[in-house]
Amino acid sequence: MNIPFVDLQIQYQSIKTEIDEAIAGILTNAIFVNGEPLASFEKNFATYMGVAHCIGCANGTDAIEIALEALEIGKGDEVLVPAYTWVSTASAVSRVGATPIFVEVHPDFYTIDVSKIEAKITAQTKAIIPVHFYGLPVDMKSILDIAKNHSLKIIEDCAQAHNATIDGKKVGSFGDMATYSFYPGKNLGAYGDGGAVVTNSKKLDGKARIIARLGQQGKHNHIRVGRNSRLDSMQAAILNVKLKHLTEWTTKRQLVASWYVDLLRDAPVKLPSKPTGYEHVYHLFVIQTDKRDELKAFLATKGIETQIHYPKPLHQVGIFKAQGAFPVAEAMSDKILSLPMYAELNKVQAAYVALAVREFLG
Ligand SMILES: *Cc1c(COP(=O)(O)O)cnc(C)c1O
């Protein structure tokens, strides 16, 4: 049996009529940037996520840069980020001229270790970017307390956690601003690149919008040096269709995760865990084993595609200033393996994957 890591074809087949209609509508109206499709997606996405404002932009990396710029973070400033995340979280900080400062991650939850944050705060620290990593929300209560005590801004990186919640409240609605990616493989993915910045602040919405639209406040009135970062109408129309399915897809991912957990419970692997009251949306289902490389190779011989998110913690990536040791992140990097995960993965496939893992690890 061949089991891909993600299957975007099967998802398209399940919503083909709606998607084809939406794309045909864009071609017929020939509104390829901005216009109604973008405005309606921005409104629908904000409503769905429980925030007041949404600005569509070109990708999730741009979204972080735009949010940092809107908060006027730049040269001389420090921004706290987890030592384990996709490179964009930290490189966006560098791109605006500030310095990303790494914080160790939690050994069980893999998100930023909130107990290690305060030791990293200096007079230069301006913001913190909690990343809801693999789909699990960060302990936002602690983040909000720390930010309040030290006057820090919060930008939530929600690229892997569309629809994740803490006690029913969606991630992205806790901080000053939050960012999303609609990269095709994300829990809500476009058919190309896309991203969004969301906020409850009218002022920050206005600023982010101006920054992402070439510094314009109204047509041809450029009030600052901005950038051109658009979510095009075709992607907005596609995302408008897909957003209607996100609740169902989230539940299905959680079901797949529950199958894996049941089938691997007594196997010699470390399974994902989460605090009570937290909804994990399983962008990735990550296990840990000392025999990671051997297991990955064995699963490949069984037709099972796996990935590593990510091979190195950021302090070892080499493009950032050396910042010492992060033992939890370092230990993780040799052991983590992401199993196939998508809403359409069925029980037979999940059982095949789990049985193969057990067969190898004994
Ligand atoms: C995917 C991702 C991004 C960047 O999104 P792009 O749309 O690929 O630019 C940022 N942060 C995290 C945690 C991500 O997983």
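**Entry 1: the second largest cavity**

I began with the second largest cavity, whose lining divides into nine nonpolar residues, two polar and one charged. I am working from a predicted model. The space in this cavity is about 60 Å³. I listed the lining: D108, F109, Y110, F133, Y134, L136, P272, S273, H280, L284, F285 and V286. Where does this cavity lie? Domain 1 (8-243) and domain 2 (246-361) both give residues to the lining, so the cavity lies between them.

**Entry 2: the largest cavity**

How many cavities of 30 Å³ or more does the count give? I got two. The largest cavity holds about 120 Å³ of space. Its lining has 15 residues, and L8, Q11, K186, R253 and Y342 are the closest to its centre. I checked which helices contribute. α1 (8-14) and α9 (246-264) each supply at least two residues of this lining. By class I noted six nonpolar, four polar and five charged residues. The largest cavity also has lining residues from both domain 1 (8-243) and domain 2 (246-361), so it lies between the two.

**Entry 3: the largest pocket**

Next I turned to the pockets. The largest pocket has about 540 Å³ of space. I found 29 residues lining this pocket, and those closest to its centre are W86, Y183, K186, H283 and Y310.

Which elements supply at least two residues each to the lining of the largest pocket? I noted α4 (60-70), α5 (88-95) and β8 (177-181). The lining splits into twelve nonpolar, 13 polar and four charged residues. Why does the largest pocket lie between the domains? Both domain 1 (8-243) and domain 2 (246-361) give residues to its lining, so that is where it sits.

**Entry 4: the ligand**

I then looked at what surrounds the ligand. There are 14 such residues, and the closest are G60, T61, D157, S181 and K186.

D157 has a polar side-chain atom 2.8 Å from a nitrogen atom of the ligand. For S181, an N or O atom of the side chain is 2.7 Å from a ligand oxygen atom. N59 places a polar side-chain atom 3.5 Å from an oxygen atom of the ligand.

**Entry 5: the second largest pocket**

I went on to the second largest pocket, with about 180 Å³ of space. Its lining consists of N34, R209, I210, A212, R213, L214, Q216, G218, K219, N228 and R230. By class I wrote down three nonpolar, four polar and four charged residues.

T165 stands opposite E279 in β10.

Most residues other than glycine have a negative phi, and most peptide bonds are trans. I noted two exceptions to look at.

Is the peptide bond from H309 to Y310 cis or trans? I found it cis, with omega near 10 degrees. Y310 is in the loop between α10 (292-301) and α11 (327-333).

E72 is not a glycine, yet I read a positive phi of about 60 degrees for it. I placed E72 in the loop between α4 and β2 (78-82). α4 is one of the elements I had noted for the lining of the largest pocket.

Notes. Residues are numbered from 1 along each chain as its sequence is written. This is a predicted model: local features need pLDDT of at least 70, side-chain atom pairs count only at pLDDT 80 or more; totals for chains, interfaces and linings use all residues. Side-chain values use heavy atoms; hydrogens and water are left out. On a 1 Å grid over the protein atoms alone, a cavity is a set of points where a 1.4 Å probe fits but cannot get out, and a pocket is an open set with protein on both sides within 12 Å along at least five of seven lines; lining residues have an atom within 4 Å of a point. Grid points are joined across faces, edges and corners, and a volume is the space filled by probe spheres set on the points. Helices (H or I, at least four residues) and strands (E, at least two) are DSSP runs, numbered from the N terminus. Ala, Val, Leu, Ile, Met, Phe, Trp, Tyr, Cys and Pro count as nonpolar, Asp, Glu, Lys and Arg as charged, and the others, Gly among them, as polar. Domain bounds come from an automatic or database domain assignment. Two strands pair if DSSP finds at least two bridges between them. A residue is near a molecule or strand if one of its heavy atoms lies within 4 Å of it. A polar contact is a pair of N or O atoms within 3.5 Å; within protein, one must be able to donate a hydrogen and the other to accept it, and residues adjacent in sequence count only if both atoms are side-chain atoms.
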